[in-house]
Amino acid sequence: MHPRNVWQALSGPRYLLSSWPWRSAGYLLSGAAAGVVVLVPVTLAVVLGGALSLVAVGLPLLALTALTGIPVGAMERARLRLMGRAALPGPHRRPAEPGLWSWLTFRYREPATWRELAYALLLATVLWPLDALALAACVAVPLSLMSTPAVMHVYGNGEEARVVKEWTVTGRPEAVAVAAVGLVLLALGGYFLGPLAGARAALTRLLILDRDDGPGDRVTELTRSRMRLVDAFEAERRRIERDLHDGAQQRIVALTMTLGLARLDAPPGPLADQLTKAHQEAGQALAELRELIHGIHPKVLADYGLEAAVCDAADRSTTPVDLDLALPGRFPEAVEAAAYFVVREALANIAKHSGASRAEVSGGHAAGRLFLEIRDDGRGGARTGGGTGLTGLADRVSVLDGRLALSSPTGGPTLLRVEIPCEWTDRSA
């Protein structure tokens, strides 16, 4: 089995013949080079920012220094592939809003940004010298010993050579013996490089990879994804409504007019009766289609807002409805759609199941929350569980971080209250 990391390779007998010693050396060599590269800009930014901190330009320079860890983190995640890791995902999440300012503020609030900055400082001050020292001891010194015969031949006229600039070797047999020692040390160094590089990679993963910054971030991301799904759902709803309105409805209108003209031109008899029946069926289909379009996304909701749409739903209800709405303006489209369909479904349930003689819809906006209450004087006994339509309404409201509360004792009355956090806007300006 092909080893997936250096630790698995070390346990095998063919470690020195595999690519892992060279990959380990390459990882430490690239780490030393990266540390030298990072050292210069980070040191300059910290020194200049600290020296100029009393001047206006110093603080922005220090603020930008905090972002230097982001490219360093990306580089380190790419280097980890040398140690047997596939492409690793970054810990940074996408800002909710576009634009440079949103990106900057979002990055400064992320714990991953500060972890990567700490790693960049550690790399520039501590890690790269250790990488260089490990390479020098495990690779550079053995290679220098192994090159002793060649150095003696080229520079020492075949008589003597300096070894690691510390002692002199005289004679070819001694040079060959030193080269053999260098070969043994290189083999031993390969076994040392593997654990060193593996430990170094483990430290990097610990410091810069995403470690789940807590349930708060996950909840935030889940909330945003739910909101994107809601927006996509509403956009698809409006597209279906538009296609039905501009396509199928216009065709049925044309069919109705054609059947009406044909009925007028047909002589009295069975054919005229069939045309009359077909004309009536087409009229009923058109009425049902219009009602379906209205149910998908009523035009009054899109054009005039929630209050007008609730008034329209109350007018269409077979149960008399009293209204007491005090809505200050327009709300986000997803909020208006959810609130409207809660009211419409509640009024439909009142008409079908409650036996109420009257209902009331009230609502307003306070403390950053839209609230609606639907009351009726029916028999009560309504429940949100058991797969009823109220369960779907509660799920839809919960997507917007809202709450649906139901009070419906047996014998009535029934009160359904909905609260959705949102801010209103004045779209009439």
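Predicted model: local features only at pLDDT ≥ 70, side-chain atom pairs only at ≥ 80, totals over all residues.

Colleague: How do the axes of helices α4 and α8 cross: parallel, antiparallel, perpendicular or oblique?

Modeller: Helix α4 covers residues 69-79, and its axis comes within 11 Å of that of α8. The two axes cross at roughly 140°, and α4 passes α8 in a left-handed crossing. Angles over 145 degrees would count as roughly antiparallel and 65 to 115 as roughly perpendicular. The crossing at roughly 140° therefore makes α4 to α8 oblique.

Colleague: Which residue forms a salt bridge with glutamate 76, and is glutamate 76 buried or exposed?

Modeller: The partner is arginine 79, with an N to O distance of 2.9 Å. Both residues lie in helix α4, 3 residues apart, which is about one turn of the helix. Buried means under 20% relative accessible area; arginine 79 has 8% and glutamate 76 has 0%. The partner is thus arginine 79, and glutamate 76 is buried.

Colleague: What is the distance between the closest N and O atoms of glutamate 336 and arginine 330?

Modeller: Glutamate 336 is buried at 2% relative accessibility, and arginine 330 is buried at 12%. These two residues form a salt bridge, for which the nitrogen and oxygen must lie within 4 Å. Their closest N and O atoms are apart by 2.8 Å.

Colleague: How many salt bridges does a search of the whole structure find?

Modeller: Arginine 417 is partly exposed at 26% relative accessibility, whereas glutamate 419 is buried at 14%. Both belong to a network of salt bridges that also includes Arg369, Glu373, Arg375 and Arg403. For the whole structure, the number found is 11.

Colleague: What is the area of the nonpolar surface patch that includes Val184?

Modeller: Valine 184 is in helix α8, residues 172-208. Patch residues need over 30% relative accessible area, and valine 184, at 49%, is partly exposed. The patch is made by Val181, Val184, Leu185, Leu188, Phe192 and Leu196. Its area is about 530 Å².

Colleague: Which residue has a positive phi although it is not a glycine?

Modeller: The residue lies in the loop between β4 (359-366) and β5 (369-376). The phi is about 55°, and the residue is alanine 367.

How values were computed: Residues numbered from 1 in each chain as written. Heavy atoms only, no water. Patch = residues over 30% accessible without salt bridge, like charges linked within 9 Å, V, L, I, M, F, W, Y side chains within 5 Å. Areas by Shrake-Rupley, 256 points an atom, 1.4 Å probe, with all protein chains shown as cover. Salt bridge = Lys/Arg side-chain N within 4 Å of Asp/Glu carboxyl O. Helix = DSSP H or I, 4+ residues; strand = E, 2+ residues; numbered from the N terminus. Buried < 20%, exposed > 50% of the residue type's maximum accessible area, 1.4 Å probe, protein only. Axes fitted to C-alpha atoms, helices over the stretch in contact; angles between N-to-C directions. Parallel < 35°, antiparallel > 145°, perpendicular 65-115°, else oblique. Left-handed = near helix turned anticlockwise from the far one by under 90°.
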